[in-house]
Amino acid sequence: MFTWANLVSQMFNGLVLGALLALISSGLTIIYGTLGVLNLAHGAMFMVGGYAGYLVFEGTGSFPLAILGGALFVMILGVAIERLIIRHFYDRPPEDQMLVTFGLAICLVELVRFLFGGLSKSVPPPAWGQGVTQLGFMLYPTYRLAVVGIVALALGALYVVLYRTRLGMIVRAGIEDAVMVDSLGINVFRIFMVVFGIGAMAAGFAGIVNAPVVSLSPDMGEAILVQTFVVVVIGGVGSFPGAILGGLIAGQILSITSMINPGYSYVMLFAAMTLVLLVRPRGLFGPRSRD
Amino acid sequence: MRHPRPLVVEALTALGLILAPYVLPYLGFSPNTVNQILVWGLFGIGFDILFGYTGLLSFGQSALYGTGGFITAYLLTRSGMTSVPLALLIGTIGATLVGLLIGIIALRRTGIYFAMITVAIAEMFFFIENSPMSEWTGGENGLPGVPSPVFELFGLSWKVGTGWSMYGFLAACYFVGIVVALRIVRSPVGAILSAIRDNPLRVAALGHSVALYKLTAFVIASTYAGFAGGLLGVLQGFMPPDAFTFETSGQLVMQTVIGGVGTLFGPLLGAAVWLFLSDFLQQTMGLGATWKLVLGVIFVLLVVFLRHGLIGGFRDLFRLVGYKDLAEVEAEQAPLDVARPAGAPKATPMPARHRERDDFAGPILQASGLTKRYGGLLANSDIEFTVTQGELRGIIGPNGAGKSTFFKMLTCEVPPTSGTITFEGQDITGKGVTDVCQLGLTKSYQVNQLFSRLTVRQNLTIAALADLRGKFRLDLFRNPDSIPGLHERVEHTLDLVDLVARADTIVSALAYGEKRRLEIGLALATSPRLLLLDEPLAGMSPRERVETVSLLKSISRGRTMIVIDHDMDALFELAEWITVLQEGRVLAEGTPDEIKGNAKVREAYLGGVLDE
């Protein structure tokens with residue numbers, strides 16, 4: 001049913017989803033931009049973040065600790081995966097890299113299913129986030145509003161790391177030309193490891209922040225991964241601003257279409273991606289030469 | 001391409017398919033499992049042509065599998081169509097057309113973009129099937145009641161039942177599928193697809209339309225996917241909606257990798273392993289849903305350690321115990337030092353291909369006002385350059401003079417910022433490198449651009465095919481041996497660049513000098529009328545240089561050539577006319593003697609120290 005109130009509330013939902021997609025896609029895109037690896041396990045990282053946070057929450061009852069624990073766990077997982085497996089794939093064709101991360105995604109999903117069972121788990125929103133907030137023109141769930149704020153802070157932190165620190169400068173230089181960075185005497189491998197950790201953490205962080213909004217299930221990462229792909233294709237692979245804008249656009253498309261007919265939300269999302277591919281194949285902010 | 005034992009593979013496949021019902025039950029395979037393996041195997045044949053042969057990794061094959069399956073099932077359950085083969089045919093055609101459309105969109109990008117786009121498209125198809133189209137597809141319930149085929153011929157009637165009876169039907173379908181696929185991969189198109197996997201840029205530079213051949217591979221894969229999807233419904237008597245899921249695409253990719261990519265039979269073997277493990281781990285070991293975790297770990301280990309899947313593993317094992325392929329034996333027996341003995345007769349070069357306009361008498365190449373700007377950097381500025389028919393032109397210039405950029409513009413690899421290029425009176429400015437090569441202008445590269453996983457002979461075949469077959473041709477079932485002139489062209493070029501003894505060696509195993517000669521050979525095999533050579537002597541030993549100079553001299557007869565090199569002595573010996581570039585401009589032009597004595601040239605090279 002179309003009403004203006006409906007539209008506004010769906011646009012808020014779209015903003016929540018878009019913010020999350022922006023954060024997850026930033027992780028995917030900086031990993032690809034720096035390491036040249038498309039991480040098909042990125043959706044699984046999102047899911048693992050949710051479950052790790054769930055465990056911490058069950059243990060401590062503290063939501064902030066759950067966020068911290070979930071994000072840190074996924075970062076450590078990312079670093080471990082990079083050191084143990086991904087590192088051996090930098091010299092191999094991109095197809096091999098996709099295959100191995102695809103396999104890792106299956107391992108993670110099935111491991112979580114083995115440990116937690118197939119039934120969904122839920123994390124309640126923290127006390128301050130329960131209930132609804134009166135926005136003046138409508139009521140909106142408080143926690144969802146908070147998600148936008150939390151994600152915006154995380155994106156801000158990511159921005160500071162990428163654009164205001166020495167590490168970020170090296171990472172951005174690495175996106176331009178990793179060989180050159182290497183030959184300047186910077187240990188590219190260590191940078192790669194850190195970037196993979198940060199990228200994974202972005203997904204894991206989104207996973208636990210999102211947990212009170214939707215319940216957790218082992219397969220939840222798959223849909224997110226697909227949406228993330230569309231976001232980075234729209235925004236331009238390797239571009240941090242592109243991931244943010246692409247995420248926000250995708251969030252709006254998905255939720256506004258859902259209001260009219262949920263069955264078409266993916267169709268519209270895909271149509272947007274096709275349009276971008278036809279008009280501007282490198283994406284909104286994609287580097288000109290990379291393919 | 002040589003096929004010393006024709007139809008052996010086909011015969012062995014037929015034998016295997018006939019024997020399977022008598023052997024597999026003893027290994028614990030139920031007829032239904034075997035039938036599923038066949039459907040996956042058939043699905044995988046197309047995917048292997050796309051991924052294993054062409055190098056395009058798609059995670060979206062489920063879209064086409066589901067499309068073919070649901071069209072077939074819809075026709076048989078809702079439209080009143082009774083002929084199963086006809087419904088299968090229509091379903092397959094439907095999937096092929098959808099594949100054409102998806103391919104046009106997805107193939108706008110390569111590598112990871114292609115993979116991501118295919119994933120997104122497949123997911124969209126799943127949602128379309130599930131919701132907007134659910135009136136036709138049954139939504140989450142799928143389409144039950146798909147009938148089995150009945151064949152009537154000369155009064156005999158065969159109603160396909162379940163179990164081994166269904167096996168007979170599916171095995172026949174699989175056999176047709178594999179025979180067709182074997183023809184395709186042995187055809188000129190198959191050869192070009194393998195070359196695209198190795199080095200798409202060079203395939204394009206040799207005059208093949210890479211975009212259209214990739215699309216061909218994608219459409220072939222769609223056809224197989226649609227056919228297999230239709231058979232899935234027929235096999236199960238029910239078309240399940242999960243044919244459309246990402247999991248289906250993922251399972252196909254994993255099965256193909258487990259079995260071995262680029263083998264056509266890999267997907268079948270992979271499916272057998274998958275379904276066997278699924279049964280074994282779930283039932284016998286009692287692992288339940290955890291079996292997929294075991295499978296995931298196995299898959300990761302396989303990708304890390306066994307790069308060519310099980311079939312590749314078996315092959316390596318055979319090699320370990322001393323078995324060798326025929327080609328390898330021949331290659332090893334060939335003398336390692338392949339340089340031609342002094343005074344041995346050298347093949348005379350093939351003439352350049354005929355011109356379309358024999359009456360054209362003007363300069364073969366003319367560039368005027370040619371300028372290339374990269375951002376703030378002016379690589380080439382206002383170059384005027386004319387080459388007459390039959391000339392051998394040398395281009396020299398210090399590092400950074402813009403020589404390579406100049407060559408790239410002449411072959412239309414990069415478009416000029418301004419200026420025009422005319423080849424035999426025809427304006428080629430802004431044309432693609434593929435079209436220009438088809439016109440008869442090509443280049444050998446400064447850094448080798450070869451097809452490293454193919455043999456020397458296969459490399460030259462790819463190059464020769466471009467001239468003999470044109471930019472794009474769909475001769476999917478043609479035997480390359482039947483192309484007139486191909487064999488002669490390849491053998492002749494082999495002889496010319498002195499690689500006869502190495503003809504069946506994989507390129508990655510060649511020595512550097514041999515690769516350099518093959519690089520020139522690739523350009524030569526397209527029989528260009530104008531041949532550009534970008535530093536043909538780079539990195540060669542003094543002896544190789546002498547040989548290569550004499551090779552260049554011999555191929556320049558009846559052909560126009562432009563050579564860039566740093567070896568000025570060699571170039572002064574070769575060329576009749578020299579152009580000197582400096583800082584993106586023409587500094588001087590003249591005969592070698594004039595250039596040697598030119599004060600400006602000496603200054604450019606030696607900084608004026610000889611200006612006493």
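User: What pattern does chain A follow, read along the sequence?

Analyst: The pattern is α-α-α-α-β-β-α-α-α-α-α-α. Chain A has ten helices and two strands; helices (H or I, at least four residues) and strands (E, at least two) are DSSP runs, numbered from the N terminus. This is a predicted model, in which local features need pLDDT of at least 70, side-chain atom pairs count only at pLDDT 80 or more, and totals for chains, interfaces and linings use all residues. Residues are numbered from 1 along each chain as its sequence is written, while chains are lettered from A and ligands numbered from 1 in the order in which they are written.

User: How are two packed helices described?

Analyst: By the angle between their axes and the distance between the axes. Axes are lines fitted to C-alpha atoms, for helices over the stretch in contact, and angles run from 0 to 180 degrees between N-to-C directions. In chain A, the axes of helix H1 (residues 4-35) and helix H6 (residues 166-183) come within 7 Å and cross at roughly 65°.

User: Which residues of H1(A) and H6(A) meet?

Analyst: Two residues are in contact if their C-beta atoms, placed from the backbone, lie within 7 Å. On H1(A) these are A:Ile30, A:Gly33 and A:Thr34, and they meet A:Val171, A:Gly174 and A:Ile175 of H6(A). The contact of H1(A) with H6(A) holds three nonpolar, three polar and no charged residues. Ala, Val, Leu, Ile, Met, Phe, Trp, Tyr, Cys and Pro count as nonpolar, Asp, Glu, Lys and Arg as charged, and the others, Gly among them, as polar.

User: How many residues does the contact take from chain A and from chain B?

Analyst: It takes 35 residues from chain A and 34 residues from chain B. On the side of chain A, the elements that give two or more residues are helix H4 (94-116), helix H8 (220-235) and helix H10 (265-279). H4(A) gives the largest share, 15 residues. The residues on this side of chain A divide into 24 nonpolar, five polar and six charged.
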